[in-house]
Amino acid sequence: MKKSILVLASVTLIMTACSSNKTENTEATETPAVTETPAVTETPAATEAPATDGAITLSAGDDMKFDKTEIKVKEGSTVKLTLKHTGKLPKTAMGHNFVLLATGTDFNKFVTAALDASGTDHIPASFQKSVIAHTKTIGGGETTSVEFKAPAKGTYEYLCSFPGHSGMMKGKFIVE
Ligand code: CO
């Protein structure tokens with residue numbers, strides 16, 4: 001009787017050992033699957049090659065309009081945005097800038113806060129964290145640029161934050 005109990009016990013032990021081995025094996029087989037993930041991550045790196053895709057020229061004149069109301073860039077690319085003021089009016093009368101807002105920013109609240117931000121180049125200090133990138137404000141005949149890394153995929157809003165301009169001067173910045 002005692003012997004058979006021992007045998008049973010040892011069989012159980014062996015079975016347990018086997019099943020735990022199997023579990024380890026399964027885990028081991030899963031590991032290469034995980035290793036595949038970096039391979040996928042390499043793909044966007046390859047997409048970074050046409051980095052020139054990130055070169056954008058945005059123009060605006062005395063008519064208070066951006067020539068583009070939609071800009072598309074690739075995720076992770078380096079965006080070099082050049083803002084050209086094709087008008088003649090000085091920046092105190094017809095200032096233009098490019099401001100890219102982070103997701104979740106209240107557009108109207110930002111614009112309202114920007115009304116009082118002439119001292120900080122029309123970027124309200126209380127909203128600095130809501131600004132992904134921006135250029136300085138320029139007047140007629142001037143050009144300026146800003147370079148930044150394209151944020152995560154999604155649709156973002158951009159505007160000119162000079163008082164009274166955002167109603168006309170705004171657009172969608174799409175990261176694909
Ligand atoms: Co403007």
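The legends below describe close-up views of a predicted model.

**View 1. Three-stranded open sheet.** The strands of this sheet follow the order β1-β3-β6, with mixed pairing. β1 (55-60) and β6 (143-149) are the edge strands; each has a single partner strand, so one side of each lacks a neighbour in the sheet. On average, neighbouring strands here are turned by 20 degrees against each other, direction ignored.

**View 2. Pairing of β1 with β3.** β1 runs parallel to strand β3 (residues 78-85), and the two are paired over six bridges. Within this pair, Leu 58 stands opposite Leu 83 of β3.

**View 3. Cobalt ion and its protein donors.** Four donor atoms surround the cobalt ion: Gly 95 contributes O, His 96 contributes ND1, Cys 160 contributes SG and His 165 contributes ND1. These donors lie 2.1 to 2.5 Å from the ion. The angles among the four donor atoms are 79 to 132 degrees, and the site is irregular.

**View 4. Chain segments joined at the cobalt site.** The donor residues have the sequence spacing G-H-x63-C-x4-H. Gly 95 and Cys 160 link distant parts of the chain, being 65 residues apart. Gly 95 sits in the loop between α2 (91-94) and β4 (99-101), whereas Cys 160 sits in the loop between β7 (154-159) and β8 (170-175). Gly 95 and Cys 160 are both buried.

Methods
Residues numbered from 1 in each chain as written. Predicted model: local features only at pLDDT ≥ 70, side-chain atom pairs only at ≥ 80, totals over all residues. Heavy atoms only, no water. Pairing = 2+ DSSP bridges. Helix = DSSP H or I, 4+ residues; strand = E, 2+ residues; numbered from the N terminus. Axes fitted to C-alpha atoms, helices over the stretch in contact; angles between N-to-C directions. Donors = N, O, S within 2.8 Å, 3.2 Å for Na, K, Ca; no water. Tetrahedral: all angles 85-135°; square planar, octahedral: opposite > 155°, others 65-115°. Buried < 20%, exposed > 50% of the residue type's maximum accessible area, 1.4 Å probe, protein only.
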